[in-house]
Amino acid sequence: MTAELTALTLAGLLQGVQFALYAIQGNKELGPRVTMGPRDNPPPVGVLTGRLQRALNNHFEGLILFALAVMVVTLGDKGSAFTAACAWIYLAARVLYVPAYAFGWVPWRSYIWMVGFVATMLMMLAALF
């Protein structure tokens, strides 16, 4: 498996970990009666639960672009040391993004997000050349 596909697989596993962190925190905060209910009028969540949810949603958005970049690089046979490095940088940024968001690291959260985004865009640009 290529480095880019390995990083994508690990990013998918990270997404699962993020979902579990959010679900566990939500269950601790709201209780199973609320979280297993129909959620027609859900109560507001606390700061940490809200941050974990937003970090999870943000990774869904970033993961779409990263998966596209990996697919283009892989199917286009454009993998290189550069695209592999970009893939690992994306993954490292996403791993750091979770605590950065959860603990409110300002402005570092935004910088970490930008590193992952730029790495993804550079992978796509590299696939064109």
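1. Let's start with burial: 33% of the protein's 129 residues count as buried. Here buried means a relative accessible area under 20%, exposed means over 50%, and partly exposed is in between, using a 1.4 Å probe and protein chains only. Please keep in mind that this is a predicted model, in which local features need pLDDT of at least 70 and side-chain atom pairs count only at pLDDT 80 or more, while totals for chains, interfaces and linings use all residues. Residues are numbered from 1 along each chain as its sequence is written, and side-chain values use heavy atoms, with hydrogens and water left out.

2. Next, the overall plan. The protein has five helices and zero strands, and its elements read α-α-α-α-α from the N terminus on. Helices (H or I, at least four residues) and strands (E, at least two) are DSSP runs, numbered from the N terminus. The C-alpha trace spans about 55 × 30 × 20 Å along its principal axes. Among contacts between residues at least 6 apart in sequence, 77% join residues at least 24 apart; contact means heavy atoms within 4.5 Å.

3. Now look at helix 3 (47-75) and helix 4 (residues 81-102). How do they run relative to each other? Their axes come within 9 Å and cross at roughly 175°, so the two helices are roughly antiparallel. Axes are lines fitted to C-alpha atoms, for helices over the stretch in contact, and angles run from 0 to 180 degrees between N-to-C directions. Angles under 35 degrees count as roughly parallel, over 145 as roughly antiparallel, 65 to 115 as roughly perpendicular and the rest as oblique.

4. Which residues make the contact between these helices? Helix 3 brings residues including Leu48, Leu52, Phe66 and Val73, and helix 4 brings residues including Ala87, Tyr90, Tyr97 and Tyr101. By class, the contact of helix 3 with helix 4 has 11 nonpolar, four polar and three charged residues. Ala, Val, Leu, Ile, Met, Phe, Trp, Tyr, Cys and Pro count as nonpolar, Asp, Glu, Lys and Arg as charged, and the others, Gly among them, as polar.

5. Gln25 sits in helix 1 and counts as buried because its relative accessibility is 17%. Leaving out residues up to four places away in sequence, Gln25 touches Leu48, Thr49 and Leu52.

6. Leu96, in helix 4, counts as partly exposed at 45% relative accessibility. With residues up to four places away in sequence not counted, Leu96 touches Trp105 and Ile112. The C-alpha atoms of Leu96 and Ile112 are separated by 7.1 Å, although the two residues are 16 residues apart along the chain.

7. Met121 belongs to helix 5 (residues 108-128) and is partly exposed, with a relative accessible area of 26%. Met121 and Leu65 are 56 residues apart in sequence, yet 8.3 Å apart in space, C-alpha to C-alpha.

8. Finally, the largest pocket: about 270 Å³ of space lies in it. A pocket is an open set of points on a 1 Å grid over the protein atoms alone, where a 1.4 Å probe fits, with protein on both sides within 12 Å along at least five of seven lines; lining residues have an atom within 4 Å of a point. The volume is the space filled by probe spheres set on the points, which are joined across faces, edges and corners. Of the 14 lining residues, Tyr22, Gly26, Leu30, Thr35 and Arg39 lie nearest the centre of the pocket. Helix 1 gives the largest share, six residues.
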